[in-house]
Amino acid sequence: MRTESPPARLRVRLLCAGVAALLCACGPGGPKRETDDGSDGDNGGGTSTGISILAGDPVTGGTVDKKGTAARFNTPRGLAVDTSGNVYVADEGNLTIRKIAPDGTVTLFAGLAGASGTADGKGNRARFTQPTALTIDGSGDLYVLDGTTIRKVTADGTVTTVTRLSYGNFGMDVQNTPAGIAADNNGNLYVTSGVDTRRIAISNPGRTTTLETGAVAPIYGTGVLVPRGVVVDPEGTAYVADLTRTLSRATSGATSLTPFVGARNQAGNADGNASTARFQQLIALAIDKNGNLYGADAINNTIRKITTPGGTVATPAGTANSTTLRTGKLPGSFAQLRGIAVDGSGNVYATSGNAVVKIVLPQ
C-alpha cells in the first residue's frame, strides 16, 4: 500500500518549526561549547571576567609546542610573568621551562623534554632534574627551583647554576624538597621547603638566613612534594605560607616570620578577616600592583585573595573541593592547582591539571 507524502506546503512548515526549535534551544549563533554560564569561555581577548584556557589541556598531557588548547604540558607547576605579558611555566614532567606568548602560543624556552641533567647552557642544551617553582626579578631574569638547585635563566634562554643547596634539614624525603621561590629587589631569593624557609643572597649564596624551621603538616614518609608559596612585595616584605598552615610575613632584613592571616594548624576554607580566615595549603603565592596577594589553595582547589595591609580573605575563583576545570563565568572550578602568577594588568594565571588558565577578576 502506497503512503502519501505530506503536501509541499506542510513540509515547509515542519522544516521552519524545526529550525526555530533548534535556535531556541541553542540561543543566538547556534550550538556552543558548554561552560558554566553558556558562553564559550574565551575571555582572553576581552575585558569580561571569568576563566579561560590560555594553553594546554587540563586532562591530556604531552609536550606539544602549539597555540592555545592545541599545546600540551606534563604536570606544569610554577609560573612567572614578565613585563611583556609572557608567561613562563615550570613544566616538571617534561623537565623543561616553557614560554607562553600573550596570544597563547607555546614555545620551548630552556631544557629538553625527557632529558634529565644538570648541564648549564642555552635553550635546549640546558638540562633540568625537577623544575618546580619560578620567580622573575626586576631585571627580567628567571630563577628556577630545580630540585635542590637554584638555576638562573636570562632573557635569551641561557641557563646557569646559582647554587646547589645542601640537604641539611631537607633530608632525603621528597616531602622535604624545596618547592617555593621568590626574588626581592635587594638581590635576595626566598626559598621554602617542607622543613624551613631561607633567605639567600644571590651574590653570595653561602650567606643564608633561616626565617623558620620545623616540620610541614603532612605525614613524614609519604613521598609527596609539599610546595609552600612565597612572594615578596616591592618594599621587600616577604609573605610565606608557613609550616603551620597560616600566612606569615617578614619585613626586609627580618630574621623570623610574623603571623599575618589564619590560625596555627587550623585548616579550612573560611573567608573573612585575618583572624577568622582559614587555608588548606597555599602551594603558591602571587602579588598584584596594588599589593593584593593571590594564593593557589590546594585541597580546597580555589584561588584566594588576601588584601594588604588588613589581611581580609575572599575566594574570587574556584569551587571548594571540585577537581574539574570549568571555564567561563566565575567562580568556575579548577583541575588540580599547582602554581599562580599575576600580570601587570591584574590578570591571574594558574596551572590547572595539564593546562595554564587565565582568570580575569573584577577590578
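Trainee: Hi! How many bridges join strand β16 to strand β17?

Mentor: Four bridges join them, and the two strands run antiparallel. Strand β16 covers residues 238–241, and strand β17 covers residues 247–250. Keep in mind that this is a predicted model.

Trainee: Okay, and which residue is the bridge partner of valine 240 in β17?

Mentor: That would be serine 248.

Trainee: What order do the strands of that open sheet come in?

Mentor: The order is β15-β16-β17-β18, four strands with antiparallel pairing. At the edges stand β15 (230–232) and β18 (258–261). Each of these has a single partner strand, so one side of each is left without a neighbour in the sheet. On average, neighbouring strands here are turned by 30 degrees against each other, ignoring direction.

Trainee: Nice. Let's switch to the nonpolar core. Which residues touch the most other members of the largest one?

Mentor: Ile303, Phe334, Ile340, Val357 and Ile359 do, out of 23 residues in that core. Several strands give two or more residues to this core, including β1 (50–56), β19 (281–287) and β25 (355–360). Apart from it lies another core, of 15 residues, with Tyr239, Ala277, Leu293 and Val313 among them.

Trainee: Back to isoleucine 303. What does it touch?

Mentor: Leaving out residues up to four places away in sequence, its contacts include Phe334, Ile340 and Ile359. Tyr294, Pro316 and Leu337 are also among the residues that isoleucine 303 touches.

Trainee: And where is isoleucine 299?

Mentor: Isoleucine 299 is in the loop between β20 and β21 (302–306). Beyond four places in sequence, it touches Gln280, Gln281 and Asn321.

Trainee: New topic: how many salt bridges does the structure hold?

Mentor: There are 11. In one of them, glutamate 212 meets arginine 228 at 2.8 Å, N to O. That pair links distant parts of the chain, 16 residues apart: glutamate 212 is in strand β14 (residues 208–213), and arginine 228 is in the loop between β14 and β15.

Trainee: Why do glutamate 212 and arginine 228 count as buried?

Mentor: Buried means under 20% relative accessible area. Glutamate 212 is buried because its value is 13%, and arginine 228 is buried because its value is 4%.

Trainee: Which residues are linked in a network of salt bridges?

Mentor: Asp65, Asp91 and Arg98 are. Within it, the side chains of arginine 98 and aspartate 91 meet at 2.7 Å, N to O, and both of these residues are buried.

Note on methods. Residues numbered from 1 in each chain as written. Predicted model: local features only at pLDDT ≥ 70, side-chain atom pairs only at ≥ 80, totals over all residues. Heavy atoms only, no water. Core = buried A, V, L, I, M, F, W, Y, C linked by side-chain atoms within 4.5 Å. Buried < 20%, exposed > 50% of the residue type's maximum accessible area, 1.4 Å probe, protein only. Contact = heavy atoms within 4.5 Å. Pairing = 2+ DSSP bridges. Axes fitted to C-alpha atoms, helices over the stretch in contact; angles between N-to-C directions. Salt bridge = Lys/Arg side-chain N within 4 Å of Asp/Glu carboxyl O.
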